[in-house]
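Please look over the structure below before reading on. The text then goes through it part by part.

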Amino acid sequence: MGGVGDEEPASKRMKVSPGDLRGLSNGSSYTEPVAGSSRDLMARPLTSQGDEEVVGSKGVIKRVEFVRLIAKALYSLGYNKSGARLEEESGIPLHSPVVNLFMEQILNGNWDESVVTLQKIGLSDENIAKSASFLILEQKFLELLDEKKDMDALKTLRTEIAPLCINASRVHELSSCIVSPSFVGSPGQSTVRTKSRPKLLEELQKLLPPTVMILERRLEHLVEQALVLQRDTCIFHNSLNEDMSLYTDHRCGRDQIPSRTVQVLQDHSDEVWFVQFSHNGKFLASSSSDKSAIIWEVDVNGWVSLKHRLVGHHKPVCSVSWSPDDRQLLTCGVEEVVRRWDVFTGECLHVYEKPGLGLLSCGWFPDGKWIFSGVTDKSICTWELEGKEVECWKGQRTSKISDLEITSDGKKILSTCRENAILLLDREAKVDILLEEDKPITSFSLSSDDKLLLVNLLNQEIHLWSIAGEVKLVAKYQGHKRTRFVIRSCFGGLEEAFIASGSEDSQVYVWHRCSGELIEVLPGHSGAVNSVSWNPKNPHMLASASDDRTIRIWGLNELKVKHKDAHSNGIHCCNGGS
C-alpha cells in the first residue's frame, strides 16, 4: 500500500495531508378533595399546599401555571365551553378580571379606556407600560387615518404618542402619514400599516409579562420543544418519515444507520482513493491509483451501476469534484492536470494545466462558471470553463498535499496552507484567517451550510470546528486508525447529524455529530478505507472506497434490495476481496 515515515506528514501517494395575577402564579388557597367520585374531584376547587404547589413526578411544574396553560390551549383550539368549565372547576382563572376587561377594550377599539385599564394591571416595569401604550395609541392613530379623521389623528400623535418619549423613529414614520396619507400601507415604501385588532392583541401578549397574559399557543410550543429535544438527543435519528407521537418517548434504533453492504463495486484495477456523491444524489464518482475515474449512476431503487469510465490522466487520480448542477465533473491527477468531463456523455471537455507546475486539487465556484485548483508552487488559481486563467493567489496558500473548499456564496476559499493550518481566504474583504491545529492536518471537509469544518489529523483524531463567526473547536471524534495514509471523513445523514470516516483497519466508523458517540463500526473491506461519502439525498446510503480496489455501498439492515444480475455492469455481491 505504500506509506511514509512517522515523522513526515501523511502522503499516501498525495493522499493526505427563554400585579394582579401574581397571587395566582405563586399559589392561592384552595380546598383539595381527598375522597369522592371523579365528578367531585373535578367540581371542587383544589387546595394549595403553599407557594410551591406542583404537579408531576419531578416537582417542577406549578399547578396554577399548568392549569392556565391548558385553559389557554382549549380556548385557542376553539373549545370555549371546555375552557370556561376548567376555569370554573379548578377555581383558577385564565386571566384576572382587569386583564379580561383590557382585552375586551382592545378588541372593541376602546383605545382611551384600554390605556387607563393598562395602568391598573400593575406593571412593575414602566418601560413595558410605555411600550404597550405606544402600540395601543399607534393603532388608534392609524384607524383614525383610515376613517379620514386626519385632525383627530394629528391630535393623538401630538398629545398622546409623542409625550411618551419613546421610539422617535417610529413617531417620525407616523408623522409622514399625515403629510402623505398614501404612505400608509404602500408596498415597498413603509412599514406603517393598520393591523387587525387581534394582531395588536397578539403583540401586546408578547410584550406584557406572561403572568399577565399568556402567549398564544404556549402549550403547543412547549410540547413541540419537548419533541424536538427528544429527536435531537436521539443518536440514531436518521429518517424524514419517522413519525413522532405524544403517547411515547421518541427513540430510534440502529436500523436507521446504513450498516449493511448492499453492493460491492469492483471496476477499478488499483486502490480507490476518493469517492463522492453528486449533489442530487443520482450519481457517484470515484478516483483511483489506476489513473482513472468512474461515474456511477444511482437508480431510483438505490442500485449503483457503471455509467462512464474516464481515462486520460497519466498519473493516479487523487480527487473529483461535481459541478453545482451535477452535469459536469472535475478530476485531478496527482501533481498533474485537472480534466473537466461531461457526466452524460463521458467526454473530456477541457484540460487545465500550468506549464512547468502540477495541480493538486480541484473545485467549482458556486455559479459553475469558474473552477479552481491548488498548484505545486503553493498558489491557488482559477480558470474560466474554457481555460482562461482568471485569478491567482500567490504565497503560502496551499500545501503540497492540499484540500480545497469554497463556501456556497463564493466568498471564502479554504485550503491547507501548511501542515497544521487551514487558511480561510476572504476574497471580498481580502482577509486571511488561520485555523491552527497542534498536529498535522491530513484532510478536511466543509458542511453543506458552510458553518462547520471537519478536520482529519495525523494523531488519529477528527476535529469539528465552527467557522460561522468566531472560529472555535466544538467536538472531537476518536476510534478510527490512521498511521501512514490520508484518511478522509464526511458529514452525512439527516441534517448532517453524523460523521463517517474511513480507517486503516479496513473499517468504516460512524459517530453521532453532536454527542461525539461512536455508534457504528462497519467491517467488510480487506484494505485501508481511504474515503467515504454519504448520499446527500438519501440518508440511508453511504459509500466507502478502499485499498482493496472496491467501493462498498452501505444501506439499512432491513432493506430488501431488488438485486440485478449479480455480475452485470461490474457490480458484484461478494466479500470485497481483490
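This is a predicted model: local features need pLDDT of at least 70, side-chain atom pairs count only at pLDDT 80 or more; totals for chains, interfaces and linings use all residues.

Residues are numbered from 1 along each chain as its sequence is written, and side-chain values use heavy atoms, with hydrogens and water left out.

The protein chain has eleven helices and 33 strands; helices (H or I, at least four residues) and strands (E, at least two) are DSSP runs, numbered from the N terminus. Of its 578 residues, 50% count as buried. Buried means under 20% relative accessible area, exposed over 50%, and partly exposed in between, with a 1.4 Å probe and protein chains only. The accessible surface of the protein chain comes to about 27,500 Å², and carbon and sulfur atoms account for 50% of that surface. Accessible areas come from the Shrake-Rupley method with a 1.4 Å probe, and for residues only the protein chains shown count as cover.

Two helices show how buried residues are placed around an axis. An α-helix has 3.6 residues a turn, so residues three or four places apart point the same way. In helix α10 (residues 197-207), the buried residues are Leu200, Leu201, Leu204 and Gln205. Seen down the axis of α10, these residues fall within an arc of 145°, so they line one face of the helix; the arc is that of the directions from the helix axis to the C-beta atoms. The buried residues of α10 pack against α3 (63-76), α5 (97-108), α6 (111-120) and α7 (126-146), where contact means heavy atoms within 4.5 Å.

Helix α4 (residues 80-90) has Gly83, Glu89 and Ser90 as its buried residues. Viewed down the axis of α4, they fall within an arc of 135°, so they line one face of the helix. Lys81 and Glu88, on the other side of α4, are exposed. Just after α4, glycine 91 takes a positive phi of about 75°.

Among the strands, β19 (residues 412-418) is mostly covered, with five of its seven residues buried. Strand β18 (residues 404-406) pairs with β19 in the antiparallel sense over three bridges; two strands pair if DSSP finds at least two bridges between them. Isoleucine 406 stands opposite isoleucine 413 in β19. The hairpin of β18 and β19 has five residues between the strands, and in this hairpin glycine 410 takes a positive phi near 75°. β19 also pairs with strand β20 (residues 421-426), in the antiparallel sense over six bridges. Leucine 414 stands opposite leucine 424 in β20, and β19 and β20 form a hairpin with two residues between them.

Positive phi values also occur in residues other than glycine. Glutamine 460 has a positive phi near 65° and lies in the loop between β23 (452-457) and β24 (461-466). At 28% relative accessibility, glutamine 460 counts as partly exposed. Serine 506 is not a glycine either, yet has a positive phi of about 75°. The loop between β27 (498-501) and β28 (508-512) holds serine 506, which counts as buried at 14% relative accessibility.

Where is serine 546? Serine 546 lies in strand β31 (residues 542-546), and counts as buried at 0% relative accessibility. Not counting residues up to four places away in sequence, serine 546 touches Glu271, Val272, His525, Gly527, Ala528, Val529 and Asn530. Isoleucine 61, in strand β4 (residues 61-62), counts as partly exposed at 35% relative accessibility. Leaving aside neighbours within four places in sequence, isoleucine 61 is in contact with Glu53, Val54, Val55 and Phe66.

The structure holds eight aromatic pairs. Rings of Phe, Tyr and Trp (its six-membered ring) pair if their centres lie within 6.5 Å; planes under 30 degrees apart count as stacked, over 60 as edge-to-face and the rest as tilted. Phenylalanine 365 and phenylalanine 372 form an edge-to-face pair, 5.5 Å centre to centre with 85° between the planes, and both residues are buried. Phenylalanine 498 and tryptophan 534 form a stacked pair, 5.8 Å centre to centre with 15° between the planes. This pair links distant parts of the chain, with phenylalanine 498 in strand β27 and tryptophan 534 in strand β30 (residues 529-534), 36 residues apart. Phenylalanine 498 is buried, with a relative accessible area of 0%, and tryptophan 534 is buried at 5%. Ring pairs also link Phe283, Trp322 and Phe344 into a cluster.
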